[in-house]
Amino acid sequence: MPQEAGDAPGAGSSPAPARRRPRILDGWGLLVLPLVAFLLVVFVAPLVSILARSFTDPTTGLDNYRDFFGSPVYLDVLGNTFRISGLVTLVTLLLGFPYAYLMTLAPPLWRNLMLVAVLIPFWTSLLVRTFAWVLMLGDTGVVNQFLMSIGLIDEPTQLIRNQTGVLVGMVQVMLPYAVLPMFATMRQIDRRLVQAAEGLGARPISAFWRVYAPLTLPGVAASCLLVFISSIGFYVTPALLGGPKDMMIGELIVQQLSAVLRWGFASALAVVLLLVTAALLLLVSRIVNIGKFMGGER
Amino acid sequence: MKRVLTAGVALSAVLGLAACGAAGSGADQLTVVMWGGQDQKTHVKEAIQPWGDEAGVTIKQDSPSDYAKFRAQVESGKVSWDVVEVEPNFAHTACDKGWAEKIDTSIVDTTDLNPEEVTDCAIPVLEYAFTIGYNTETFKDAHPTSWAEFFDTEKFPGKRGFWKYATGAIFEAALLADGVKADELYPLDIDRAFAKLDTIKDDIVFYETGEQQQQLVASGEAPLVQAWNGRIYSAAKEGQPVANEWNEHLLSYDQLVIPKGAKNADNAQKWMKWYVEHPEAQAGYSNATAYGPITEAALEHVEPEVLAELPTSPENAPKRAAIIDYAWWADNYDEVSERLNEWAAQ
């Protein structure tokens, strides 16, 4: 998350305390060097080689990019990736926010149970969970059988091999990533602020939305970013639960890398994905002060 | 800055040591790479470990076969795999690009193998077939017995499952269904195949894995699949209502290749020799999996109920339509994959 480190545009309105700047490289600051070295070796160097390969393999030039932008299918795949990731982010937010809020209200025992309920799937293999959805959502699966037996539908609704299937599978995987940051933020909010607002005459609903909700924004922003960025890289879930129309770019990259062995093209796909994601985050950071929400500045 | 450099040097030293640790291996070993899972365990137990015991070679394993890793190892010169089970189209590509060692025919005697399955760099490891897999409850009285009937959604309604990769014989099946003669299949007329596939497009379901294939046909969700015979066999053995129709099956096979620069390439050749010359070891694997052995001599060691499910059995072999031409596929895989992606996404 690049925005965390640098000042996002528009974030400079409150100048940072002057004493912080010169002290970045004191004795403790040096502790960051192993991480920097590690990132240079395992992240930056491969990234540079991917970038180089996208322009040189199999021939030097822009061929790989021309192939990508020349084909409506690949642009659709890129579009799918962001559309599905956006939808997953939205749905996990809608489900995760009330859940996290309820966790802060619940007594300790219930809170722990709720935590375990979110985390258990988190500890199960992704492939197993995804395959379980295949069995649940199929035409002959539990969900359709149940709906038919209570007479709600006459013939199976298609819940799999389409966008619905992908959403269900991905939301379940991403839910812990949405709930945990929001819960962490919410439990630190001083509830007396809400009481104070109510004491000063605010109705409960307006106290919640005007006092409590804004204080949860750092957690909400962290959740959304985490879910959105992780979703972009999904490929097993869309491959198993989606149809051919729901292909996401991760699956295409794997196909090009491992099956077709067009490494230059796969590299170009990765570069395009990285650039579009960065551009998107930059755009968001112009509207929302991500640095502030992520705790970078106070 | 100097400190950054020091840290960098220290780190690369550590990495270097780790690499040496991995590379400085004992002299006599063989690292085998297959698709993983129970299949690989069985294969190693029946047909690789016995050789290792006999020759005093330590057998190591990795899984699954991964063409990107294969290529990366060869290109970087750090090859940790010695013999790899691959699909034949990759074996062709690897041989053409110089990523694979040549098979030394003075060591490995290939005369008993099907010549169509042997190339300069590869010998077969197993045979299987693309069959018509059907649900025996959905189709109690009559089921499709040809690809033409497989494509006839009026006579046999229901969804059809195909493997989502272009080399999964979907094009061969479409062309046979459209009346192309089996001996005139290649070069594949991809336009004609797509035209035929268009006629059943709404009923096509693509599957990614073998488990999915079994689940689709066993649950009746897609009562017809273009199947891998061994998958249908194992599902049937577990009591699922599925069966193989062998008529017009398409023969396929996996191959063994040795990555260029493999440290134990000699051992790999020696094991290949042993494997080809030990039909009972091939049969041991077949008995457990219903994947076919690579020599005819092995058939007599195969149990009768398994033999009935093998593509090379005397009963099934005459029902064969064709053998997949992977040399053609090696040349055309990129382009046809791209068209299949496009077609499926429309």
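In the predicted model, Arg262(A) and Glu338(B) are joined in a salt bridge, in which the closest N and O atoms lie 3.4 Å apart. Between chain B and chain A the count of such bridges is five, and, where both partners are at pLDDT 80 or more, nine residue pairs are found in polar contact across the interface of the two chains.

The side of chain B that touches chain A draws two or more residues from each of several elements of chain B, namely helix H1 (2-23), helix H4 (67-76), strand S6 (204-207), helix H9 (210-219) and helix H14 (326-345). Of these, H14(B) gives the most, with eight residues.

Taken as a whole, the contact involves 33 residues from chain A and 34 residues from chain B. The area buried between the two chains comes to about 2800 Å², and carbon and sulfur atoms account for 63% of this area. Within chain B, the residues that lose the most area to chain A are Arg71(B), Glu221(B) and Asn341(B), which together make up 20% of what that side buries.

As for the confidence of the prediction, chain B has a mean pLDDT of 92, with 92% of its residues reaching 70 or more. Over residues 1-25 of chain B, however, pLDDT stays under 50, and for this stretch the model has eight contacts beyond four places in sequence.

Notes. Residues are numbered from 1 along each chain as its sequence is written. Chains are lettered from A and ligands numbered from 1 in the order in which they are written. This is a predicted model: local features need pLDDT of at least 70, side-chain atom pairs count only at pLDDT 80 or more; totals for chains, interfaces and linings use all residues. Side-chain values use heavy atoms; hydrogens and water are left out. Contact means heavy atoms within 4.5 Å. Buried area is the accessible area (1.4 Å probe) that two parts lose on being put together, summed over both. A salt bridge is a side-chain nitrogen of Lys or Arg within 4 Å of a carboxyl oxygen of Asp or Glu. A polar contact is a pair of N or O atoms within 3.5 Å; within protein, one must be able to donate a hydrogen and the other to accept it, and residues adjacent in sequence count only if both atoms are side-chain atoms. Helices (H or I, at least four residues) and strands (E, at least two) are DSSP runs, numbered from the N terminus. pLDDT is the predictor's confidence in each residue, from 0 to 100.
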